[in-house]
Amino acid sequence: MTVFQRIGKYVLIFLKYFSLVFFSFVAILPIISCVITAFKTDTEYQQTNVMVLPESWTNFENFILAFQKANMGKAFLNSFIILVCVLLISTLVGTQLAYVLDRFKFPGNGLIRNLFLFASLLPGVAMQISVYEIMYKLGFINSLAGYIIMMCGTDVISIYIYIQFFENIDYSLDESAIMDGASYFTVFYRILFPLLKPAIVTSCILKGVGTYNEYYSANLYLQDKKNLPTVATSLYTFVGPLGSKYNLICAGVIISLLPALIVFITCQKQIYSGLTSGAVKG
């Protein structure tokens, strides 16, 4: 190896690690700024920049005010109900639909798959007028049940994840069970559904994160912010035409991150195994 090759090798190694450190710092900088701002009083926030440390790290008044004034207790309850119902319904409907599309060949099978693909390519904003009209005509505005139904109907990517996973399961399992007298429902629920655990974990992560963080649809269809707040919409309590209290907003953001952080820490083994097994076709 020549001197120039050796220098080039070290330069590439330096650039690789420098880029990793730099982009990691860029990704974590907003979180650091949010934590610093959350502990500042109104006076400190107005007189200092976002990276100046607060005078006291034991000032939890912002967190208490954010939780109380933003009605975050009610918001967490609503978000929990929405999240559980959406994940449960989406998993049951999505896995069954993927089972039918993969295991049964019938006229229109390919058309249905192409329609799902076409629907996933359409921007959500472009369909909001039609969706809002449908929600209004059905009386689903300011309805938690209506919002849950709408969120369950936007799960196209998960269906493709399930179809992809079904394609890797041998048909001999179905045939053996049917020869032993099992019905299609028995084959699905007793044999195939337990094998979908990695795909279900992957789908629930993607769907759960999107549902928990959803602001646009929640703000549009759950207009009663007093009785139907979600975690995402409750944070905008402190935003107004006369100014925004970003120290309280940052405190609310940290509070809203805690459930997701706890779930990730306690279930990270299952999450990693689900992502690697369910999202990659073998």
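Figure 1. The structure holds one cavity of 30 Å³ or more, a cavity being, on a 1 Å grid over the protein atoms alone, a set of points where a 1.4 Å probe fits but cannot get out. About 60 Å³ of space lies in this largest cavity, where grid points are joined across faces, edges and corners and a volume is the space filled by probe spheres set on the points. The lining, which takes in residues with an atom within 4 Å of a point, consists of Ser 79, Ile 82, Leu 83, Tyr 147, Thr 211, Tyr 212, Glu 214, Ala 218 and Thr 230. By class the lining of the cavity divides into five nonpolar, three polar and one charged, with Ala, Val, Leu, Ile, Met, Phe, Trp, Tyr, Cys and Pro counted as nonpolar, Asp, Glu, Lys and Arg as charged, and the others, Gly among them, as polar. The model is predicted, and local features need pLDDT of at least 70, side-chain atom pairs count only at pLDDT 80 or more, and totals for chains, interfaces and linings use all residues. Residues are numbered from 1 along each chain as its sequence is written, and side-chain values use heavy atoms, with hydrogens and water left out.

**Figure 2. The largest pocket and its lining.** About 1,100 Å³ of space lies in the largest pocket, a pocket being an open set with protein on both sides within 12 Å along at least five of seven lines. Of the 34 residues that line the pocket, Leu 83, Gly 208, Val 209, Tyr 212 and Ala 260 lie nearest its centre. Helices H4 (72-103), H11 (197-213), H13 (231-234) and H14 (246-278) each supply at least two lining residues, and the largest share, 13 residues, comes from H14. The lining of the largest pocket has 28 nonpolar, six polar and no charged residues. Helices (H or I, at least four residues) and strands (E, at least two) are DSSP runs, numbered from the N terminus.

**Figure 3. The aromatic pair of Phe 104 and Tyr 184.** A search of the whole structure finds 17 aromatic pairs, in which rings of Phe, Tyr and Trp (its six-membered ring) have centres within 6.5 Å, with planes under 30 degrees apart counted as stacked, over 60 as edge-to-face and the rest as tilted. The rings of Phe 104 and Tyr 184 have centres 5.0 Å apart and planes at 80 degrees, so this pair is edge-to-face. Phe 104 lies in the loop between H4 and helix H5 (109-121) and Tyr 184 in helix H10 (residues 184-195), so the pair ties together parts that are 80 residues apart in sequence. Phe 104, at 27% relative accessibility, counts as partly exposed, as does Tyr 184 at 48%; buried means under 20% relative accessible area, exposed over 50%, and partly exposed in between (1.4 Å probe, protein chains only).

**Figure 4. The stacked pair of Tyr 215 and Tyr 236.** These two rings lie 4.3 Å centre to centre, with 25 degrees between the planes. The pair links distant parts of the chain, 21 residues apart, with Tyr 215 in the loop between H11 and helix H12 (216-221) and Tyr 236 in the loop between H13 and strand E1 (239-240).
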